[in-house]
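Here's a quick tour of one protein model, going from a single side chain out to the whole fold. Have a look at it first.

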Amino acid sequence: MKETVRTASDVPVATATGGLRADRVSRRADGRLILDGVTLAPHQGSTVGLLGPNGSGKSTLLRVLAGLLGPSAGVVTLDGTPLAGLPRREVARRLAMVEQQADTQVELTVLDVVRLGRVPHRRAWTPAAAHDERAVRSALDRAGLGDRADQPWHTLSGGERQRVQIARALAQEPRELLLDEPTNHLDIHHQLDLLSLVTALPVTTVVALHDLNLAAMYCDRVVVLHTGRVVASGTPGDVLTERLIAEVYGVRSAVTRQGPEERPHVRFLGTLT
């Protein structure tokens with residue numbers, strides 16, 4: 001496949017005066033460049049979709065944004081302050097991360113797991129306050145798990161575990177929410193329910209997705225990564241073109257417009273030879 005991608009400096013990226021921002025972030029691992037000069041500054045309250053093929057750097061970028069990995073170059077800031085200089089508990093009160101896989105060897109119930117979302121808001125060894133329990137119960141209900149509170153974690157399916165992790169993040173009451181492939185293991189009904197829930201929250205959301213049509217339906221903006229670089233950034237209608245899909249994914253497609261907002265809809269026609 002002949003690539004006609006652009007460097008990060010060629011791609012316009014929306015700016016934000018506060019909140020979470022990555023400025024020309026790079027990350028190396030085992031001598032390989034995973035992220036290459038990525039800038040990301042979502043508008044507060046918006047939903048930004050991270051798109052790109054496997055190995056493009058989406059999960060690594062989310063982990064760098066969450067402070068779980070440090071950048072090799074560049075800086076991630078929260079309200080203008082470098083993330084690395086902020087206390088971890090302070091970051092956890094603001095920012096919640098839901099990764100693709102979660103497991104525990106400890107015997108926990110669904111309620112126990114969701115209660116972990118309140119840990120950043122409580123002092124060590126102090127009992128949960130009434131507000132903590134209200135936040136937990138509200139998160140369970142919003143994730144459709146109100147009747148599963150007492151069910152053991154290890155008896156859940158992969159999709160059910162994913163919903164519990166979403167509930168834990170909601171109980172955290174973040175202002176920034178990072179989601180790594182949250183629709184994995186979910187059936188279509190729960191995919192739509194989950195993304196409807198997330199996009200209705202009064203938070204800034206950055207979500208990695210494989211499904212281009214879900215991104216087109218639910219994201220305000222999308223950022224496309226390819227070999228660790230930002231190659232496109234903008235509204236789904238501006239970014240999701242047949243040409244870009246061919247260049248980044250190596251797939252022939254037909255892109256049409258649907259609904260009153262004329263959101264793009266992608267129909268895949270086959271791989272490029």
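Gln165 is buried, at 9% relative accessibility; buried means under 20% relative accessible area, exposed over 50% and partly exposed in between, with a 1.4 Å probe and protein chains only. You'll find Gln165 in helix H5, residues 158-171. Helices here are DSSP runs of H or I with at least four residues, strands are runs of E with at least two, and both are numbered from the N terminus.

The side chain of Gln165 makes a polar contact of 2.9 Å with that of Arg168. Such a contact is a pair of N or O atoms within 3.5 Å; within protein, one must be able to donate a hydrogen and the other to accept it, and residues adjacent in sequence count only if both atoms are side-chain atoms.

## Where the numbers come from

This is a predicted model, with local features needing pLDDT of at least 70 and side-chain atom pairs pLDDT 80 or more, while totals for chains, interfaces and linings use all residues. Residues are numbered from 1 along each chain as its sequence is written, and side-chain values use heavy atoms, leaving out hydrogens and water.

## The whole chain

The protein chain has nine helices and 12 strands. Its C-alpha atoms fill a box of roughly 60 × 40 × 35 Å along the principal axes. Of the 273 residues, 49% are buried.

As for contacts (heavy atoms within 4.5 Å), residues 24 or more positions apart supply 64% of those with a separation of 6 or more.

## Leu192

Over in helix H6, residues 188-200, sits Leu192. Leu192 is partly exposed, with 30% relative accessible area.
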